[in-house]
Amino acid sequence: MQLENKEILKTKIKEIINNQVSPESLINKKSVNELAEEISVYHQELVYQNQELIRIQRVLEESENKFKSLFFDAPVGYVFYKTTGEIELFNSSFSKMISPDKELIKGDNITKHIAPEYQDAFYLHMKNLDKNGKDNELELKLLGKNKKIDVKVMSSIWEINKEKFIKSTFMDISEIKDVNRRIEYLSYRDQLTGAYNRRYFNEELKRLDTKRNFPLSIVIADVNGLKIINDTFGHDVGDRILKRFVKTTKDILRSDEIIARMGGDEFAILLPNCEKNCTEKIIIRIKENIEQQEIEGLKISVALGYSTKTESKYDIDKVKKDAEDTMYKDKIFDEKSKKRKIVLTMLTTLHERYKREEEHSKRVSELSYKIGKAMNLNQDKINLLKVSGLLHDIGKIAIDYSIINKKEKLTP
């Protein structure tokens, strides 16, 4: 460009010097020298402008390269598409979200990569952008290669040559969602059994306390003898019993019915749209299934009670209290026989672990009986002595085998 300008100027100067240009054409009757000097200034100005254009071109190229780097190498997905959805431009991050093993095709409609349950929401998002030029950010799921990906979408309208385009940023929020789901799970779940906790139960009780869920039944359950099991066999056995009870109950309940651990050995079950007959059948199934199971030779036993709300006028807290009262009646009614079963199971377990203890216990029981007879005690006291002799070493069930059978002296 500089060479062309120089040649033009040389030609014009020659024309003036050789009188090929009339003096009238000279501005303000300027002399040839003056005009040549002025042309020289113009020449220098053109040279400067040419250099400036070259500099600006370099700056623009650098800016373009920076833009390309920001767009194509960004850690978030960028997509540039028509208001009808046809993709014009996209970066590698978006392509990897959709199909990491193959290249995304230009001209694809972006809606085909949106999970079906979010299609309507995304379509409305595009329409609002086209109409108003802006819309709220949106959370949805993209159809990835093997799974759906949680993303946050932020979009804006770009107008080029009077044609509207949409630029959307897709931010992968799968990890954040997973963490939030985990936190939510922990905040509403009992960590030991996987059942819901008291907080969740109380919230669900309020939510379900509406006419459309009537009859609404509440079942209260209590695992029998858990304290004596924990004290004798250890908390690990008690924990296994609680987990087994929850699993067995979950297998019986429907998807909309929940079980929650209210604390310790007490659980609550919510049964929406379940009248008395339905509730009683569920209770019978739970009892039959749980009482067939054993852990460490212990039969699992549960006390159950229920109450049903059939009309809005009944207070839900009163219904829950009635269920608790019914459960306690069931527990008291059968408590003695269940405790007796637990003690007998403990005794059987002790004798199975330590064979010599069975003969020893029987000998002590027989001697105690004879001593009672010799002291002329009444029959009730003699029977008590006999049973006491049989059970006098039952505490050994909680002592390690190596200590029971230790041949050396015991340490302090």
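**View 1. Side-chain directions along strand S12 in the predicted model.** Val302, Leu304, Tyr306 and Thr308 point one way from S12, while Ala303, Gly305, Ser307 and Lys309 point the other way, and all are buried (under 20% relative accessible area, with exposed over 50% and partly exposed in between; 1.4 Å probe, protein chains only). Strands are DSSP runs of E with at least two residues, and helices are runs of H or I with at least four, both numbered from the N terminus.

**View 2. Pairing of S7 with S12.** Strand S7 (residues 216-223) runs antiparallel to S12 over 8 bridges; two strands pair if DSSP finds at least two bridges between them. Thr308 in S12 is the bridge partner of Ser217.

**View 3. Surroundings of Arg189.** Arg189 lies in the loop between helix H5 (174-188) and strand S6 (196-197). Arg189 is buried yet has no salt bridge (a side-chain nitrogen of Lys or Arg within 4 Å of a carboxyl oxygen of Asp or Glu). The nearest side chain of opposite charge, Glu184, is 9.2 Å away; Lys and Arg count as positive and Asp and Glu as negative, with His and the chain ends not counted. The side chains of Arg189 and Tyr196 are joined by a polar contact of 3.2 Å (a pair of N or O atoms within 3.5 Å; within protein, one must be able to donate a hydrogen and the other to accept it, and residues adjacent in sequence count only if both atoms are side-chain atoms).

**Notes.** Residues are numbered from 1 along each chain as its sequence is written, and side-chain values use heavy atoms, leaving out hydrogens and water. In this predicted model, local features need pLDDT of at least 70 and side-chain atom pairs count only at pLDDT 80 or more, whereas totals for chains, interfaces and linings use all residues.

Note on methods. Contact means heavy atoms within 4.5 Å. Lists of a residue's contacts leave out its neighbours within four places in sequence.
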